[in-house]
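Trainee: Could you walk me through a structure, please? I would like to talk about charged side chains and the surface.

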Amino acid sequence: MAVTLVDSHAARVALFVTGGIAAYKACEVLRGLQKEGCEVRVAMTRSACELVGPRTFEALSGHHVTLDLFDDETSPIPHIDLAEWADLALVAPATANAIAKMAHGIADDAVSTTLLACPCPVVVAPAMNVHMWQNLATVANVETLKARNYLIVGPESGRLACGETGAGKLASPEQIVSAALYRLRARGDLAGRRIVITAGPTHEPVDPVRYLSNASSGKMGYAIAAAAAAHGAHVTLVSGPVSLPEPAGVGVIHVTTASEMLDATQDAFATADAAILAAAVSDYRPDKAADHKLKKAAEPLDKIELAENPDILATISADRGDRIVVGFAAETDNLLQNAREKLARKGCDLIVANDVSREDSTFGADTNCVTIVSPHDEETLDCMPKEQVAEAIIERVHDLLEPDDDYLAPSSPDATLLMPKAGA
Ligand SMILES: Cc1cc2nc3c(=O)[nH]c(=O)nc-3n(C[C@H](O)[C@H](O)[C@H](O)COP(=O)(O)O)c2cc1C
């Protein structure tokens, strides 16, 4: 799907190619972006030019390639021209050196100076030797960039060009393009908002190898987290044990038990504007978990004493003040009646009720059939993919949140990422 931004121009991506051995793969990234309807301009470091010729990028992009600040026949101030032109900055591959310069605000060549001047979102695809990647300097620099909401894609683990095996391989061009589109498509109407989302089941240990749980796959919560991030929110996803890839641009905290989930959710909610609690939390846990594997002959497991788990939705709702809280009700009988009672009992803003007895709405399915219950109305959605259900839930949460005065209102409903007001 082509990306079209507010003022109807095709999305403009400034592709920064730095001096990694994977620089040649930036050609595929460029082509992938063009296939998605993006216009791409390229800037390269001196080291990148040692590895791939700028003419290749010039031919592919159809634009002059920015190489030098003071010797550019197309512009007297090339870094500002490119920075202001771009809707998105993409650094691929990003060397350890380029990452360090971005983290520290160093501007000593055309690439680093343009990146410092870019007001748009930045996506970074690191690629380097495993020891360079694991060096604490690089680790700290990457953390600095993440904290500034730069989206880091990869690197992957595998056999590296230097002959070593480990983390440091450039993410695939498809992954990089998809991360760039993800940032570009963000409508940004939740920019500046912090949302905590829970997902998946919890595991309540019986002994070190056995646990009580349920069949939740985590797909609904993960889809909500991805949708919230796509709207520009700062998302913390508190995830029980699931086998799903982490959504791009989302901070994930992995937990196992209900009590760990409560602690992580409360911590994240302390600074959040909204909580969407989609996890299927075990209501009960074994009262005493054995610290060794129970043996069938010596310690038959014919009875498990249960203790009640903390009620995460009720606890978060009790402490919400004027913040938004959304709960889920997975039911097999009396769906709406149970959801209405749950809404009143827990004191939250919305309950998303889903009938898990249906095949197209059950745990693990890719679709969901839900009714969103509020104190004022009930909205039954068609059965649809969980991504679309997630979008509908995020739109309801957006409507419930008061406008954030620190952020400029979008000029149209399709507005792209919002920029903080100067000084905000
Ligand atoms: C053949 C070759 C391959 C290199 N590959 C990488 C790489 O994949 N990642 C990296 O961080 N540095 C790599 N380097 C080192 C960088 O090129 C070097 O740190 C350079 O200063 C980076 O400059 P730049 O960030 O301005 O492009 C490589 C060097 C050579 C000679």
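**Charged pairs and a surface patch**

Mentor: D287 counts as partly exposed at 40% relative accessibility, where buried means under 20% relative accessible area, exposed over 50%, and partly exposed in between, with a 1.4 Å probe and protein chains only. This is a predicted model, in which local features need pLDDT of at least 70, side-chain atom pairs count only at pLDDT 80 or more, and totals for chains, interfaces and linings use all residues. Residues are numbered from 1 along each chain as its sequence is written, and side-chain values use heavy atoms, with hydrogens and water left out.

Trainee: Which side chain does D287 meet in a salt bridge?

Mentor: D287 meets K288, at 4.0 Å from N to O; a salt bridge is a side-chain nitrogen of Lys or Arg within 4 Å of a carboxyl oxygen of Asp or Glu. K288 is exposed, with a relative accessible area of 70%.

Trainee: And how many salt bridges does the structure hold?

Mentor: The structure holds 13 salt bridges. One of them joins D349 and R320, at 2.6 Å from N to O.

Trainee: Are D349 and R320 buried or exposed?

Mentor: D349 counts as buried at 15% relative accessibility, and R320 is buried too, with a relative accessible area of 17%.

Trainee: Switching topic, which residues make the nonpolar surface patch?

Mentor: Y284, L301, I304 and L306 make this patch of about 340 Å². Patches are made of residues with over 30% relative accessible area and no salt bridge, like charges being joined within 9 Å and nonpolar side chains (Val, Leu, Ile, Met, Phe, Trp, Tyr) within 5 Å. L301 is partly exposed, with a relative accessible area of 39%.

Technical notes: Areas by Shrake-Rupley, 256 points an atom, 1.4 Å probe, with all protein chains shown as cover.
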